[in-house]
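Notebook open, new structure on screen. I'll jot down what I look up as I go.

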Amino acid sequence: MNTTLRPAAPQDIAELRQLYFEVYGHGYPVALGSDPTEMHRLITDPHSHWLTARRTDTGELAGSVVVQTDPGNRVGKLVGLAVHPRQRQCGLAGRLTAAVTADALAAGTLDSIHTTVRTVTQAPQRVVARNGYRPLGLLPNAADVSGCETLALFACYAEGVLERRERVTVVPRAVMPLLDAAEESIGIPCAAVLPADATDLDASPTLPGGLLTAPARPTTRTPIEVISAPGFVRRRFRELFPDPAGAYSPLRTPNTVLTTPDGAFEIYADLDPAASSCALVAVHPYPAAAAGALDSLMTALTRAGADYVETLVPLADTAGLHAFLAAGFVPSASYPAMRRVGDRFHDYVVLSRTDRQIDFRTTAVGPLLQPYLNAYLTTWASTYLPHHEVVL
């Protein structure tokens, strides 16, 4: 089968919606495959790259893929890769991935592109890996597609980015299995990283927006109010964080704010009840103000429809990592050289917490992801399973 790749156009929207329905049914949790307004915005966005594939003989829409970009942070995300069921087994997914990645990087405005792929089969993992994407970790229960699913995080880089990573010398002990997995899977060195205890908080620098202290896990519950008013939340977020350095979360737009009745802090989040997930974006007035309320935050988000919550923390922010680890978050993925500061690049860690039972029996993990699964299981067990003392 011969196909022609070309940029998506607004007149393609109806066919694109039908394509995503044919591939995913009603369970596709991303607006670019179902919301005509969002699809039109992305297609006409000069910073987005949306490619379609059509059969040369019939003109039938055979596939689609998008790279969304955050030019200010120089980060992109590959999303919406779909191939019509009748057009599979001919390498079209790989062609689309290679073409849209090359287009996005050729613009010179991105340092890296990441993507999450389903793990119900190994096929999506192989498609992105063959096109230069490196596995960075697993996100258990991250999406509700056909039931609760684990996603795998991959990323590819512009030339020379990984060679300019800022060295980190101290990390919490619980992050070491993840870093060891990265070294085993993709050769990212971490031999110079030393484990730190919770008291060793002054040994590492912090980036803007990082937690500065690591409070103990609270013993009392904090009342949390959830305000879901996207327009208001976006306006207030821009007022409180006019400088992007104060709230680093590329390609995330907060639509929800969580706060206490007395307004001691405001947590800005990207809540997606359709996918049963939430990403924490920023905290006002400073991150440490909310560190003691993370357990209560999880309870509030669960009631709001999010069984999975994740956050992005600099690897250098030892105190911030300790705070989330103390609240039951598990290091799930690393993102080497994610953030450019001057001419250097800083590593980040994705920490996640899910209060739904994790079932890996239907997770198809290839050799490149197996070290990450082992690391997650090791850290999860040390976090949630009791340590029985054996007396001889």
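Areas are Shrake-Rupley, with a 1.4 Å probe and only the protein chains shown as cover.

I note that this is a predicted model, where local features need pLDDT of at least 70, side-chain atom pairs count only at pLDDT 80 or more, and totals for chains, interfaces and linings use all residues. Numbering runs from 1 along each chain as its sequence is written, and side-chain values use heavy atoms, without hydrogens and water.

Surface entry. I found W380, Y384 and L385 making a nonpolar patch of about 260 Å². W380 sits in helix α9 (residues 370-384); helices here are DSSP runs of H or I, at least four residues, and strands are runs of E, at least two, numbered from the N terminus. W380 counts as partly exposed because its relative accessibility is 31% (buried is under 20%, exposed over 50%, partly exposed in between, 1.4 Å probe, protein chains only).

Loop entry. I looked up T119, in the loop between β5 and α4 (123-129). At 3% relative accessibility, T119 counts as buried. Its side chain reaches the backbone oxygen of T150 at 2.7 Å.

Helix entry. I checked α7 (residues 294-303): seven of its 10 residues are buried, so the rest of the structure largely encloses it. Just after α7, G305 has a positive phi of about 105 degrees.

Technical notes
Patches are made of residues with over 30% relative accessible area and no salt bridge: like charges are joined within 9 Å, nonpolar side chains (Val, Leu, Ile, Met, Phe, Trp, Tyr) within 5 Å. A salt bridge is a side-chain nitrogen of Lys or Arg within 4 Å of a carboxyl oxygen of Asp or Glu. A polar contact is a pair of N or O atoms within 3.5 Å; within protein, one must be able to donate a hydrogen and the other to accept it, and residues adjacent in sequence count only if both atoms are side-chain atoms.
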